[in-house]
Amino acid sequence: MDGIQISQISKKYNGQFDFAVNRIDLTIPAGTITGLLGPNGAGKTTLVLMICGLLKPDSGQICIEKDGKRSDIDKRFIGFVPQQDGLFGELTLQENLWYYGRLYGLEKVYIQQRIQDLVNIFQLTAHLSKRVKHLSGGMNRRANILVALLHSPEILILDEPTAGVDIHSRALIHEVIRELNSQGKTILYTSHLLAEAQELCQIISIMDYGRMILTGNPEALLKKHEMSNLEGLFIALTGKAVRD
Amino acid sequence: MNRRRITATIIKERILLFRDPGGLVMLIAMPIMLIIAMALVQDGPFKDYQDVGFKVVWVDNDHKPLGDSLRAMFEKSGRFTLIDSYKGIPVTEASAKKLVEEGEYPLGVLIPKGSYSEMLNRSNKLINTIGKASGQPSIIPVRPGVDSLQITLFFDPIAKATIRMAIQNGIEKMLFKIQLDLLFDKMNIPGSSSESQDMEGKEYESLLADNIIVENLGKQSMPTFIMSSVQHNVPAWIVFAIFFLIIPLSGNFIKEKKEGSRLLLDMTPGSFIDIILGKVIFYSLFGLFQFLSILIASRVLLPLVDLPVLEMNQSIFPAIVAATGISFAAVCFGVLVGSLFNTYHQAMMFGSVTIVILSALGGIWVPIEVLPYSLQLVAELSPLQWGLSLFQDVFVRGITWDRFFLKLCLLIVFGVVCLIISTIHHDLQKKKVGF
């Protein structure tokens with residue numbers, strides 16, 4: 001796969017004066033980890049939802065490029081981890097995984113095997129029979145990533161996957177992301193944690209007020225703007241005013 | 001449509017619902033308590049209350065002064081509206097019986113040909129009898145034998161015994177007055193109308209008795225029984241209870257929207273209709289389970305509190321079909337409420353108040369024949385009335401299959417329309433806000 005092509009994409013919510021996403025062009029090359037950064041309300045989640053096909057853009061186009069051919073977004077190729085945990089609290093982890101596996105159209109045998117593999121990776125084997133509402137925040141986050149990987153997608157999109165997560169879980173999530181990337185998966189990742197993005201991502205894109213203000217390799221960008229870290233660059237580009 | 005997705009959703013919903021034993025008990029136990037309470041509370045009023053007005057299917061095959069006088073008395077009472085044509089076609093004996101049997105009208109009156117002639121003959125006989133007693137020879141020719149006027153009343157099978165009795169007595173009284181007026185007229189006694197009301201008339205009663213035939217309508221196989229509060233309340237409140245499924249179901253939808261599950265569900269490839277159908281199938285089956293539980297509990301528990309036993313005049317199969325149709329309509333309405341509203345409070349308030357309004361209009365609280373005419377028309381638009389009417393066919397009237405399927409189709413069409421609106425709304429929401 002050659003990546004995701006986003007051309008002149010725009011979205012304005014009903015009743016809002018400003019565009020949430022305003023004429024954005026972005027290329028997410030296949031096999032990379034791309035970090036999508038920006039202050040609160042910059043339009044990151046809106047852009048991610050449109051890439052996933054969960055929100056219809058007002059204008060512009062998003063497509064997947066594969067072997068030189070362009071096609072529309074196909075949910076079978078994408079695994080999505082939303083900001084908010086979306087598992088059913090009253091179901092056990094196993095039941096949640098079964099349910100989503102079946103919704104993805106997977107065979108029972110395959111689901112069983114996939115669950116075994118993934119719970120080992122995410123260190124959740126001992127918690128399979130627990131109701132999700134009884135899992136800790138870190139476990140819940142890992143479980144959500146696990147669901148997104150059930151159908152072995154080529155693209156993984158994570159919306160702030162490490163927000164509010166303990167250090168051990170965060171380290172594990174980073175490790176998994178790197179491992180998936182090493183297997184050739186394309187990863188799009190939004191975060192407020194700039195150090196984390198700098199450490200993980202081969203490409204970063206900074207959004208503000210619905211526009212894309214910067215895209216490139218973190219080291220190259222820092223060098224170009226003569227900054228020592230991403231946080232300094234981020235403040236320089238987006239200002240010091242608090243965004244709520 | 002994807003069978004795998006639908007089945008997975010059915011299983012998921014079953015687990016979710018049965019993981020909430022408190023909620024489950026509420027869904028079964030509360031309606032049973034409601035039915036017992038309502039049957040007890042309404043038991044007395046059901047025996048005594050005065051009905052406010054009736055539409056009467058009127059067939060006058062005699063076309064003589066008897067019919068005209070009786071008609072004038074009915075109209076003068078202000079409690080009856082006489083119907084002698086239906087959809088522009090004059091009502092015949094057969095069509096009148098069909099209309100009443102199907103519950104379209106609560107009462108029918110048939111004045112057969114020759115009734116007035118028989119009444120005249122009786123008057124003549126009476127004059128001869130009085131003349132003979134005073135020593136005068138019989139001078140008016142009469143036909144031999146005493147026959148009934150054969151005026152026939154037929155009631156909707158669900159009409160209560162008190163209503164039947166009151167109407168029968170009222171008509172007897174009207175006939176007595178007409179006959180007495182006729183008699184005084186022949187005897188040239190002026191002002192008979194006002195006087196006749198004060199007369200005891202005991203000596204004439206032997207001649208005027210048995211004028212009315214009351215015909216029981218409904219299926220031949222249906223045993224006749226008294227329409228009690230139990231017979232009204234159990235089917236009525238079962239419909240009500242099934243429709244209350246919209247509260248947990250709409251809550252389930254809103255919870256998914258609010259807690260982020262909807263995003264993950266939308267992210268799975270395939271149509272969201274699969275997920276909706278899974279929920280609809282599961283909750284419709286649960287509604288059926290609810291129906292059977294309440295039915296069994298009613299038959300067992302109500303006699304323990306000195307209420308009559310619920311009569312089941314049909315095999316259980318049509319009742320199950322009816323309950324499935326009602327559940328389907330209720331569940332689809334729940335899907336619609338869950339789709340349209342964004343908070344649990346909005347959905348709960350709208351859902352519960354709507355059910356109460358539709359049930360009040362739909363004959364759940366009181367039979368619709370006691371509602372004002374304008375509300376009776378509105379009642380026909382209530383899905384709860386369609387459901388109740390189905391159950392009344394099953395429990396009381398007896399089933400006429402074309403009518404049964406018509407009402408079942410109404411419920412199904414209502415459900416399908418709700419589902420279509422929900423799906424369109426879901427797609428529009430997705431375009432606007434993403435979830």
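Six strands of chain A make up an open sheet with mixed pairing, arranged in the order β6-β7-β8-β3-β9-β10. The model you are looking at is predicted. At the edges of the sheet sit β6 (78–81) and β10 (211–216) of chain A, each of which pairs on one side only. From one strand to the next, the twist averages 15°.

Let us start with β3 (33–37) of chain A. Is this strand covered or open? β3(A) is mostly covered, since five of its five residues are buried. Ile33(A), Gly35(A) and Leu37(A) point one way, while Thr34(A) and Leu36(A) point the other way, and all of them are buried.

β3(A) pairs with β8 (186–191) of chain A and with β9(A), and both pairings are parallel. The β9 strand (203–208) of chain A also pairs with β10(A), this time antiparallel.

| Strand pair | Sense | Bridges | One residue pair |
|---|---|---|---|
| β3(A) and β8(A) | parallel | five | Ile33(A) and Ile187(A) |
| β3(A) and β9(A) | parallel | four | Thr34(A) and Ile203(A) |
| β9(A) and β10(A) | antiparallel | five | Ile204(A) and Gly216(A) |

Now for the helices that go with the sheet. Helix α8 (residues 230–238) of chain A packs on the sheet and touches β3, β9 and β10 of chain A. The direction of α8(A) makes about 30° with that of β9(A). Helix α4 (residues 137–149) of chain A lies across β6 and β7 (155–159) of chain A, and runs at about 165° to β6(A).

With 13 residues at 1.5 Å a residue, α4(A) should span 18 Å, and its end C-alpha atoms are 19 Å apart, which agrees.

How enclosed is α4(A) by the rest of the structure? Ten of its 13 residues are buried, so α4(A) is largely enclosed. The buried residues include Arg141(A) and Arg142(A), as well as Ile145(A), Leu146(A) and Val147(A). Their cover includes β6, β7, α2 (93–103), α3 (108–121) and α5 (167–182) of chain A, and also α11 (261–267) of chain B.

The contact takes 25 residues from chain A and 24 from chain B. On the chain B side, the elements giving two or more residues are α1 (3–18), α11 and α17 (401–432) of chain B. By class, the residues on this side of chain B are ten nonpolar, eight charged and six polar.

The axes of α9 (residues 229–243) and α13 (residues 316–340) of chain B come within 8 Å and cross at roughly 35°. The crossing of α9(B) past α13(B) is right-handed. Which residues of α9(B) and α13(B) meet? Val239(B), Ile242(B) and Phe243(B) come from α9(B), and they meet Ile326(B), Ser327(B) and Ala330(B) from α13(B). Five nonpolar residues and one polar residue make up this contact of α9(B) with α13(B), with no charged residues.

Technical notes: Residues numbered from 1 in each chain as written. Chains lettered and ligands numbered in written order. Predicted model: local features only at pLDDT ≥ 70, side-chain atom pairs only at ≥ 80, totals over all residues. Pairing = 2+ DSSP bridges. Axes fitted to C-alpha atoms, helices over the stretch in contact; angles between N-to-C directions. Contact = placed C-beta atoms within 7 Å. Expected span 1.5 Å × (residues − 1). Buried ≥ 20, exposed ≤ 12 C-beta atoms within 10 Å, placed from the backbone. Nonpolar A, V, L, I, M, F, W, Y, C, P; charged D, E, K, R; others polar. Left-handed = near helix turned anticlockwise from the far one by under 90°.
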